[in-house]
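Student: I would like to go through this model term by term. Please set each value against its definition.

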Amino acid sequence: MLKVVLARLQQGHRTVAFPGADPVLPDRFRGLPVLDPSKCATGCQACAEACPTDAITTHQRGLQLDLGRCLFCGECTAVCPEGAVQFTQDYRLATQAREDLVLDGQALRLAQALDRETRRLFGRSLKLRQVSAGGCNACEADVNVLNTVVFDLGRFGIQFVAAPRHADGVLITGPVTENMRLALQKTYDAVPAPKLVIAVGACAISGGPYVDHLEVHNGAASVVPVDLYIPGCPPHPLTILDGLLRLLGRLR
Amino acid sequence: MSATFPVYNGDAVDVCDVPELSVADFRDTVIREVDAGARIAALFGQAANGSAVRLIAVLANGATGTLGVTSTVVSDAYPALTPDCTPAHWFEREIAEQWGVEPKGHPWLKPMRSPNATTFFRVEGAEIHEVAVGPVHAGVIEPGHFRFQCHGEHVFHLEIALGYQHRGVERALVGGPTKRTIHYMETLAGDTSVGHATAYCQAVEALSGDRVTARAEVLRGVALELERLANHTGDLGALAGDVGYLPTAAYCGRLRGDFLNMTALICGNRFSRGLVVPGGVAVDVDAARVHQLLERLERAFRDVTQAVNLLWETPSVQTRFENTGPLSQDLCIALGLVGPVARACGVERDVRHEFPTGIFRFAQIPVSTWHSGDVFARAYVRWLEMQRSVAFIREQLATLPAGPIRVTGRPLAANRLAVSLVEGWRGEICHVARTDGGGRFAHYKVVDPSFHNWFGLAMAVRNQQISDFPLCNKSFNLSYCGHDL
């Protein structure tokens, strides 16, 4: 028993100060990319050609980057001699509209708080059912991390529950494989209305690395209406937490 | 011509050097080798002439340190290996599903990645009841379906239906490498990015003849062991959580993140995305970063030692771990299990020791085993391995060789077959790449350790209480996506 008490003392208090204080991220962390189309050499498509998921396009309306497809791999920055695409340390990425994820040099339009009535319902208590529908389990891992003492999701009134009937919404990861489509639909249907749908990770937003595979449906929105998109491959736990809190109006 | 052609781990052979045996000789060879102590690292089909299918077997004999490859050509059906060679059973189900070839006499032939169109083995009896779980589970975990045949709490039989995560990766790899290939590899199982990316890079380097520098090999080894540390720490915490011992569960939950964040210190990503690349590694570490890594390693190791030792000193934990979900050594060998699960049955299987590549040729990590085959053994082997991983990282970072981190890749040689094994944290990862006449992938086979081990979990819960299933499941912690591909 004494050892348990000693361990408790040694292990200390480990919950991050977020959202009170700015989090410290590793210096090589690849967060929000910023574009500077003015640096692009005429006709250069190096970044678009290097992008593994074709998240970058250069031909239609100049340089554009779709955060919903981006794997944050940095292949684009590696091939761009001018620095027209650069990854910043900014972990805040969540949006409410799919089209808001398409960057073209403008500031990212982050998710806004839900309307008053929805916030009255979910603002202080949000129960989520998670559905993993394809993907690689990395998004699930960094969603799970929110339950550790480090992020302590419970202090915000957010909790993952075992049954969809106990839930206020569904948090979806993975590209939605054909083999999971029915299970996702049934889970969504079992959640009482009004309900929220949160798509976490490149797969759930666009299909990610598996985009356009015959076996997948290119993301959650192909099956259910999505209220919040959280990009990344996988998103950092803080990116997910930031998105959830933003939607609930807990961040300004 | 001998029945198998020798191949070294991380090396390639000419496709025409692979023996093409008659079906009878192929069966005899695989059965004989497995009886003699080899394991099936891979057994799969490839398109042959016309509608024929070439079956290729990669046999790994750890005791002699030899890898052999052999093949045969079949058309619609062939006599199944499984009745005489149990480790083949999962592989033959996959062959039947992928190629429409029937292994005649297979005792339980059904699709393995079509979970919505499957029937289950049923135990009949007035007091028998069936419990169905999944694909959507209670926790934040991947989808799979578990069908239990129970009498009260007692589990007679468990059948596991997978395939919900099937996203067509192997099919998409054909014709590569492309700009997306390395990203497929990093996401075969997202918690094993280093393991699978290293297996892929070894295969590609075998085909291109590129020689990775010593510095890159060390950094790959360090990343692989950090991945092991993070996942084993998470598993020990989760095991503690499953028996309601919250101190270790809480501490390990945080400490797993500390190991992931060390990985992020190296490459910016908690799952090592973008670190291991063909030809070496993508980012270097300077002295200051090495110093910080070592400092963080010592802090995390001190805390994890304390957190994990609480498990062994707490009788209520030990009572739940000991004799729960036991597997005998004979059964483990008969099923062809790998990784910590096999080592927890006292079976010395570890690619780093038997078929070392990269830095593991020079820095030997002793194989950690335990004899009891139960949840305790699977937990304890993880802890033994963690201590050895820490010692390895300490030593390697202290003597990091100088030099470049990456060589520029040459094109892949045509008509070669490369075999690459890596000891990921779950066990043996096997990649087999075959190039066509133009040096592109004509076929690419991935065998995640979970592919070997899922049936082991089904056997471990036999004659246990169904309430112990979560604990048994966690002690295996297998990958759904790595299996389903």
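Student: Into which domains is chain B divided?

Tutor: Domain 1 covers 5-104 and domain 2 covers 169-449 of chain B. These bounds come from an automatic or database domain assignment. This is a predicted model: local features need pLDDT of at least 70, side-chain atom pairs count only at pLDDT 80 or more, and totals for chains, interfaces and linings use all residues. Residues are numbered from 1 along each chain as its sequence is written, while chains are lettered from A and ligands numbered from 1 in the order in which they are written.

Student: What separates the centres of domain 1 and domain 2 of chain B, and how many residues make the contact?

Tutor: The centres of the two domains of chain B are 26 Å apart, taken over C-alpha atoms. The contact takes 23 residues from domain 1 and 25 residues from domain 2 of chain B. Contact has a cut-off: the C-beta atoms of two residues, placed from the backbone, must lie within 7 Å.

Student: Which element gives the most to the side of domain 1 of chain B that touches domain 2 of chain B?

Tutor: Strand 4 of chain B does, with six residues. Strand 2 (11-14), strand 4 (39-47), strand 5 and strand 6 of chain B each give two or more residues to that side. Helices (H or I, at least four residues) and strands (E, at least two) are DSSP runs, numbered from the N terminus.

Student: What makes up that side by class?

Tutor: The side of domain 1 of chain B that touches domain 2 has 14 nonpolar, six polar and three charged residues. Ala, Val, Leu, Ile, Met, Phe, Trp, Tyr, Cys and Pro count as nonpolar, Asp, Glu, Lys and Arg as charged, and the others, Gly among them, as polar.

Student: How do you know that strand 5 and strand 6 of chain B pair?

Tutor: Two strands pair if DSSP finds at least two bridges between them. Nine bridges join strand 5 (residues 53-61) to strand 6 of chain B, and the two run antiparallel. B:Ile56 stands opposite B:Ser71 in strand 6. Four residues lie between the strands of this hairpin, and B:Gly65 takes a positive phi near 65 degrees.

Student: Which other strands of chain B are joined to strand 6, and in what direction do they run?

Tutor: Strand 1 (residues 5-7) of chain B is joined to strand 6 (residues 66-74) by three bridges, antiparallel. There, B:Phe5 has B:Val69 as its bridge partner. Strand 3 (residues 20-21) of chain B is joined to strand 6 by two bridges, parallel. B:Glu20 stands opposite B:Ser71.

Student: Why is B:Ala88 called buried?

Tutor: A residue is buried if 20 or more other C-beta atoms lie within 10 Å of its own, exposed if 12 or fewer, and partly exposed in between, with C-beta atoms placed from the backbone. B:Ala88 has 24 within 10 Å, so B:Ala88 is buried. B:Ala88 is found in the loop between strand 7 (77-79) and helix 2 (89-99) of chain B. Not counting residues up to four places away in sequence, B:Ala88 touches B:Ile40, B:Leu43, B:Leu81 and B:Thr82.

Student: What makes helix 15 of chain B mostly covered?

Tutor: Seven of the eight residues of helix 15 (residues 469-476) of chain B are buried. Among them are B:Phe469, B:Leu471 and B:Phe476. The buried residues pack against helix 6, helix 9 (315-321), helix 11 (339-343), helix 13 (375-398) and helix 14 (449-460) of chain B. B:Asn477 follows helix 15 of chain B, with a positive phi near 40 degrees.

Student: Which residues have the most contacts inside the largest nonpolar core?

Tutor: A:Ile172, A:Ala199, A:Val200 and B:Val58 do, in a core of 233 residues. A nonpolar core is a set of buried Ala, Val, Leu, Ile, Met, Phe, Trp, Tyr and Cys residues joined through C-beta atoms within 7 Å. Helix 6 (residues 214-242) of chain B gives the most to this core, with 13 residues.

Student: Why does this core lie between domain 1 and domain 2 of chain B?

Tutor: Both domains of chain B give residues to this core, so the core lies between them.
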